[in-house]
Amino acid sequence: MDRSTKVPLRTGRAMPLIGLGTWKLDKDTAEKIELAIEEGYTMIDTSGDYDTQPGIAEGLRHAGVTRGDIFIVTKVEETEDALESAKRNVGQLDIGHADLILIHRPPQYGAGEPLWEGLQRARDEGITRDIGVSNYSVEQLEALMETSGEVPVVNQIEWSPFGFSDEMLEFCKRHGIVVQAYSPLTRGEQLGDARLATLARAYGKSPAQMILRWNLQRGTIPLPKAARRVHRRENLAVFDFEISQRDMDVIDGFNRHYSALGELQYV
Ligand SMILES: NC(=O)c1ccc[n+]([C@@H]2O[C@H](COP(=O)([O-])OP(=O)(O)OC[C@H]3O[C@@H](n4cnc5c(N)ncnc54)[C@H](OP(=O)(O)O)[C@@H]3O)[C@@H](O)[C@H]2O)c1
């Protein structure tokens, strides 16, 4: 496994192992995206409601990146018309097509079948290559799969050593759904955990790097957001060490269904 390794998607395409989160990337988004591309990021996660899409478009233009070398994930809101929202997002991103568009959250009622149909049309029209969901529980995934007859390629959910679900991971692995880990660094809130710090010292790595490597070894795809260059670089430097099985088990033991957002949406 190295930085160029990709995860196969069940549709035949492939996705990078780490993506740059862009929620609250805020000012100078274009500059940060351009730098991130230079630093080696090949996947960017955004959404229509992050206000970062125009900045991402500008950053990608300045970086002069070849379209096929970058994987762009965006999301449609559950209250919107999915096809229209997909078109608007891709227009703002100025990328011709997205690689992956997700339903941002399940709607209040049902499993989002009309949204899914909108995304299927977006895919048929070439607006996106793949489609998936975010914040779905196992039950909501099952319901959507049963009514649509299709398996989402990705479920993007909050996921850190302090808050994750073995049941979800097993379900997703069984159905070929890739788990993308959002808020993987707990928005910084648990990086000071003393047990994590002790392990990190033993490996000569930072707590953030331990968390990201734990994801890679578990087969989940982390999307760390980092406005600071030093953080972005650190977060990509996770391919030169391996956490032992024993220490993976120790890190698994940190799980207490913690959520930096208030509550794990999918448990
Ligand atoms: N689908 C959804 O519903 C959903 C929900 C939430 C998030 N997301 C996605 O997931 C991405 C990541 O989640 P997030 O932004 O909530 O939180 P996060 O990635 O867990 O944490 C970001 C925070 O960690 C800091 N940080 C980054 N690298 C670090 C390092 N190496 N050492 C110490 N601190 C570090 C960042 O600081 P600096 O920025 O100052 O560098 C920032 O304050 C989002 O940006 C978004 O793309 C999706």
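How do the residues of the lining of the largest pocket divide into nonpolar, polar and charged? I was working on a predicted model, and I got 13 nonpolar, 12 polar and eight charged residues for that lining.

Entry on the largest pocket. I noted about 780 Å³ of space in the largest pocket. I found 33 residues lining the largest pocket, and Trp-23, Ser-183, Pro-184, Arg-187 and Lys-225 lie nearest its centre. I then checked which elements give two or more residues to this lining, and they are α8 (207-218) and α9 (229-236). Of the elements, α9 gives the most, with three residues.

Entry on the second largest pocket. I wrote down a volume of about 150 Å³ for the second largest pocket. Its lining includes Lys-6, Arg-13, Arg-67, Asp-69 and Asp-99. I also saw His-97, Phe-71 and Pro-16 among the lining residues. The lining of the second largest pocket divides into four nonpolar, three polar and five charged residues.

Entry on Ile-157. I located Ile-157 in strand β8, which covers residues 154-158. Is Ile-157 buried or exposed? I put Ile-157 down as buried because its relative accessible area is 0%, and buried means under 20%. Leaving out residues up to four places away in sequence, I listed its contacts as Asn-135, Tyr-136, Met-168, Val-179, Gln-180, Ala-181, Tyr-182 and Tyr-266. Last, I checked Ile-157 against Ser-183: the two are 26 residues apart in sequence and 8.4 Å apart in space, C-alpha to C-alpha.

How values were computed:
Residues are numbered from 1 along each chain as its sequence is written. This is a predicted model: local features need pLDDT of at least 70, side-chain atom pairs count only at pLDDT 80 or more; totals for chains, interfaces and linings use all residues. Side-chain values use heavy atoms; hydrogens and water are left out. Helices (H or I, at least four residues) and strands (E, at least two) are DSSP runs, numbered from the N terminus. Buried means under 20% relative accessible area, exposed over 50%, partly exposed in between (1.4 Å probe, protein chains only). Contact means heavy atoms within 4.5 Å. On a 1 Å grid over the protein atoms alone, a cavity is a set of points where a 1.4 Å probe fits but cannot get out, and a pocket is an open set with protein on both sides within 12 Å along at least five of seven lines; lining residues have an atom within 4 Å of a point. Grid points are joined across faces, edges and corners, and a volume is the space filled by probe spheres set on the points. Ala, Val, Leu, Ile, Met, Phe, Trp, Tyr, Cys and Pro count as nonpolar, Asp, Glu, Lys and Arg as charged, and the others, Gly among them, as polar.
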